[in-house]
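Student: I am new to this structure, and I would like to go through some of its contacts step by step. Could we look at the chain together first?

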Amino acid sequence: MADSLRRLVNTSSFSVLQDKLESWYKDYHVISCDQNLNRCCELVELTSKIQGQLFTILNFTAREGGHYAGVDVLKSRLLPWLGTCFSMATSSVTNDTKLSASHENDMQKMETQLCSTHLQLDSVKQDLPQLDNTKNMSATTLLATEDEILQLKAELRASRDQVETYKRKLDVLDDYERQVRLLRDEVSFLTAEKSMLQERLVRSCSPSPLPRQSRPSSPLKSESPTRAQLTNSSRHARLVSRFSDLYAVERLEAQSLLRRYIDDLEMVQRIIFIATVEAFQAAKLAYRQFKLRVKKTLSPSHLGPETLEDSVVDYIVRNLDLYDVQASVNDVINAMNVNPRISFPPEVDFVLINSFIRETCRVAFAMQTLDSPLDLAFTSGGELYSDNKYRRSYDSEFTAPLVAYHVWPALVEGDGVIVKGEAVTRRGALWRSRSRSCSPVRSGSPTRTLGFSRSRSPSPGRLSASRL
């Protein structure tokens, strides 16, 4: 019995019967009379199959119960139902007549609906050519729109290419303007030298009643300005502007490059600041050494009229390309490797910001050739914040009086501040800076190629007397 019941459940006969009834109900007014009768007979056959399976299960169940089990249920439910069914089968012909009349009414309704459906179909057929025309017009419009989109894309690409061309031309124009300024400075210098030589020629050709005085042994200041003196103001303005560009452009590029490997923004800003300070220190040391070599070379053959010091500075200004900037970059990277205030992942190197260090060294070296050399302001961790030297960063505590760390140094000329730096102020910055200064010195990574060690002081005045 259990197997028969399981098979009946698995076949889902009642679900199939319900689905067929619903399908017949939906299509009843559409299909013909013969089709309706076929479906009704199909449902009767399916019902009889289900009833046969149920009677089989009823028989098995009664057998399992024995001779007397289930007798009351059969008497109270099955036998009255069978008697009712047979009584319904012996009904009079009047009921059949009523059924046939209702069937005719249904057929008339179905014919009426069929006629209305035919009319709707004819109207749809009449509208079909107009719909085809509308479809063709829409397809034509769509093709035209796609052509316009392709044309606009081509124009956009052409505009972008034109913009790139204009940018390259603008860069070339900037180079031309820079060369024109240099040539103008050269022309002004040559003009001044020409006028000075003409005056000397006129004085030498005119008779002088006074006896020639002996040349004093002490060096005199040059009567004719050198190129370095003539271009001092323009070089000063250009270097100050270049220092601002280092802060606004190169610093941000180096910061974005370091942020790929370091998540801590404070550590990245500390690295860039220390790189800038070390670059100025290395450039100043290289300038002093280069100046000594030039003075030693020019002193045996120097005759005047300008002083030896002016000739040395003028030679350096004319030959800035002789500066060995790579040596200074190596010194800066070596100094940063042993600095106790910064750390770096061992799989990368400070060579990542090599271009930033190189440009900073060049700017710092050129600043030493001015009449009043430009330098960085003195900084120390936990110092008192000064509005004359710094600007607070956006994430600072604006009521804090002490500097937690520096983002960018201030540029000074003598005792006056030329360009303000940037600093971060926090409360308790003094204790934070002390805890950082007590951290151990970071050892060099195995991947570092420039890793010779040298002893350095963590204080800002790192340049010792021996290096001077």
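Student: Is Asp-27 buried, partly exposed or exposed?

Tutor: This is a predicted model, in which local features need pLDDT of at least 70 and side-chain atom pairs count only at pLDDT 80 or more, while totals for chains, interfaces and linings use all residues. Residues are numbered from 1 along each chain as its sequence is written, and side-chain values use heavy atoms, with hydrogens and water left out. Buried means under 20% relative accessible area, exposed means over 50%, and partly exposed lies in between, with a 1.4 Å probe and protein chains only. Asp-27 has a relative accessible area of 27%, so Asp-27 is partly exposed.

Student: Which residue forms a salt bridge with Asp-27?

Tutor: A salt bridge is a side-chain nitrogen of Lys or Arg within 4 Å of a carboxyl oxygen of Asp or Glu. For Asp-27, the closest N and O atoms of the pair are 3.4 Å apart, and the partner is Arg-39.

Student: How many residues apart are Glu-42 and Lys-20?

Tutor: The side chains of Glu-42 and Lys-20 meet in a salt bridge, at 2.9 Å from N to O. Glu-42 lies in helix 3 (residues 33-65) and Lys-20 in helix 2 (residues 13-27), so that the pair links distant parts of the chain, and the two are 22 residues apart.

Student: Is Lys-284 buried or exposed?

Tutor: Lys-284 is found in helix 8. Not counting residues up to four places away in sequence, Lys-284 touches Gln-368 and Asp-375, where contact means heavy atoms within 4.5 Å. The relative accessible area of Lys-284 is 14%, and therefore Lys-284 is buried.

Student: How many nonpolar residues are in the contact of helix 8 with helix 9?

Tutor: Among the residues that meet are Tyr-287 and Phe-290 in helix 8, and Leu-308 and Glu-309 in helix 9. Ala, Val, Leu, Ile, Met, Phe, Trp, Tyr, Cys and Pro count as nonpolar, Asp, Glu, Lys and Arg as charged, and the others, Gly among them, as polar. The contact has 1 polar and 3 charged residues, and the nonpolar ones number 9.

Note on methods: Helices (H or I, at least four residues) and strands (E, at least two) are DSSP runs, numbered from the N terminus.
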